[in-house]
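Please look at the model below before reading on. My notes follow as numbered points, strand pairings first.

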Amino acid sequence: MTNLIIFLVLMTLGYLVGQMAEKKHYKSIIQREKQLRELPTIASRFPPTDKLFDQHLVMGNTVISVDYFKRFIAALRNLLGGRVTSYESLLDRARRESLLRMKQQADAMGAEYVFNVKYETASISKGRKNAIGSVEVLAYGTALIASGSGNEV
Amino acid sequence: MKFEHREIPEGINVTDVHPLKELAVLLTGAAILIVAVVYILGLSAGFLAPYIPFATEQRLVASASYAIEPHTDTDAERYLQQVTDRVVKVMDLPEEIDITLHYSAGDTVNAFATLGGNVVVFRGLLAKLPNENALAMLLAHEIAHVKHRDPIVSLTRGVTISTALGVLLGFSDLDLMGEAGVYTMLHFSRVMEQKADTEALQAVYKLYGHTQGATDLFQVIHDWHQRSGSGEGVEFMQSHPLDQNRIKNLNALASSNEWPQAGGITALPQSFLDGLKQSSNDIQDE
């Protein structure tokens, strides 16, 4: 009985707090994406050749953890199979947040573009399956800064 | 070439399912799965475990240092043994099974049958019994468990099911789902009790020619449950059927078999009652 109560409290807390945090985060993500729209991020390895650019590595990094509710749903999914939808939004948030941080960095450097953008995802919980349920998402790319606008390398 | 960054359309990388709906669907699915697994394993254990030879069961207990009360030769125990012998005689036990009765002077209101044909009765329960018929019912019930090989079946069932649940649920956050398995397992336990009741009532009938007094046992247990405030609650959460249901089932059984439900009760001998009191005093002196 006590177990059930603890479980229900954790689930309710996980659900309410997790949902609230998620909503808030998405709102901020969408807003900041709009702010940084003028800075294109491109996956191509071939930068434009019409102009001379200085190149600089930029990166954005996010570590995000899963709440009790999402983790329970994912554990049930482990049993029955299917899409782990509860983690989809989690990872979507982490990727977009990382890209935003990378763009912020590039923007602060006065970049015109970020090329060759890539993502790396790493699970922090390696070897400790249930103790930590966090992932790290790293977005990185080459910022192209118009020559002469910064220090020569 | 022009490079620009357009607004990202929402909802492509994220499946739009309400989390609570997802939870409901998954919980139902997992519960059905667990109940099915436990039920199938429970049935198989019930089918296979009786093939374990009784001698193996006895060896199993002999190697485990069971904390069973040592025998003393008091009036109370002699009388208990006497009733047990009479009950055993009418119960048609298979040849290899023998019953060892243990008396414990403890206050516990209980009696149980365990591996190797060991039956333990506690003074706490004996002192509440109103007549010999109820005592015979109690002993016959426990002996019926041994006859049906219930202790070894329960052990097999418990080990198999907990292993399966361990593998299935792992050491994840899902261990709570194991509750669904526990409640399914209790179903088997209640079936065992019911069968033991049936067998015991038959033994009481054979012994006395009527079944009067037999249900007094459950009335006693029921009264004790009420008084101790350990309310019985919901049947599916219990290892035993509810007391009132047991009495009802037994009365129905007696009438359907046309066993007389009256015929006079046999009183417990005074020496036995005195013996119980004596052993209780002994325990307090220690």
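1. S104(B) stands opposite F122(B) of β3(B). The strands concerned, β1(B) (residues 100-104) and β3(B), run parallel and are joined by five bridges. Two strands count as paired if DSSP finds at least two bridges between them. Helices (H or I, at least four residues) and strands (E, at least two) are DSSP runs, numbered from the N terminus.

2. Some ground rules. This is a predicted model, where local features need pLDDT of at least 70, side-chain atom pairs count only at pLDDT 80 or more, and totals for chains, interfaces and linings use all residues. Residues are numbered from 1 along each chain as its sequence is written, chains are lettered from A and ligands numbered from 1 in the order in which they are written, and side-chain values use heavy atoms, with hydrogens and water left out.

3. The other neighbour of β3(B) is β2(B), residues 111-114. Here the strands run antiparallel, with four bridges. F112(B) has V120(B) as its bridge partner. T114(B) faces N118(B). The hairpin of β2(B) and β3(B) has three residues between the strands, and G116(B) takes a positive phi near 75° there.

4. Put together, chain B has an open sheet of three strands in the order β1-β3-β2, with mixed pairing. Its edge strands are β1(B) and β2(B), each pairing on one side only. From one strand to the next, the twist averages 20°. Axes are lines fitted to C-alpha atoms, for helices over the stretch in contact, and angles run from 0 to 180 degrees between N-to-C directions.

5. How much of β3(B) is buried? Five of the five residues in this strand, 118-122, are buried. Buried means under 20% relative accessible area, exposed over 50%, and partly exposed in between (1.4 Å probe, protein chains only). N118(B), V120(B) and F122(B) point one way, while V119(B) and V121(B) point the other way.

6. Helix α5(B) lies across β1, β2 and β3 of chain B and runs at about 20° to β2(B). Contact here means heavy atoms within 4.5 Å.

7. Now the cores. A nonpolar core is a set of buried Ala, Val, Leu, Ile, Met, Phe, Trp, Tyr and Cys residues joined through side-chain atoms within 4.5 Å. The largest one has 51 residues, of which V121(B), L126(B), L135(B), M137(B) and L138(B) touch the most other members. Helix α5(B), residues 132-147, gives the most to this core, with 10 residues. Setting aside residues up to four places away in sequence, L138(B) touches A111(B), V121(B), L125(B), L126(B), L129(B) and L217(B). A second, separate core has 21 residues, including F7(A), F69(A), F72(A) and I73(A).

8. In chain A, helices α1(A) (residues 2-35) and α2(A) (residues 68-80) pack at an angle of about 110°, with axes 6 Å apart. The two are therefore roughly perpendicular. The cut-offs: under 35 degrees is roughly parallel, over 145 roughly antiparallel, 65 to 115 roughly perpendicular, and the rest oblique. From α1(A), the contact uses F7(A), L10(A), M11(A), G14(A), Y15(A) and E22(A); from α2(A), it uses Y68(A), F69(A), K70(A) and F72(A).

9. T12(A) lies in α1(A). Its relative accessibility is 42%, so T12(A) counts as partly exposed. The C-alpha atoms of T12(A) and F69(A) are separated by 7.6 Å, though the residues are 57 apart along the chain.

10. Chain A also has an open sheet of three strands, ordered β1-β3-β2 with antiparallel pairing. Strands β1(A) (53-65) and β2(A) (113-123) stand at the edges with a single partner strand each, so one side of each has no neighbour in the sheet. Neighbouring strands are turned by 15° against each other on average, direction ignored. Nine bridges pair β2(A) with β3(A), residues 134-146. F115(A) stands opposite T142(A) in that pair. Helix α3(A), residues 85-108, packs on the sheet and touches β1, β2 and β3 of chain A, its direction making about 145° with that of β1(A).

11. Last, is T41(A) buried or exposed? At 15% relative accessibility, T41(A) counts as buried. T41(A) lies in the loop between α1 and β1 of chain A. Leaving aside neighbours within four places in sequence, T41(A) is in contact with L99(A), M102(A), K103(A), V114(A), V117(A) and H5(B).
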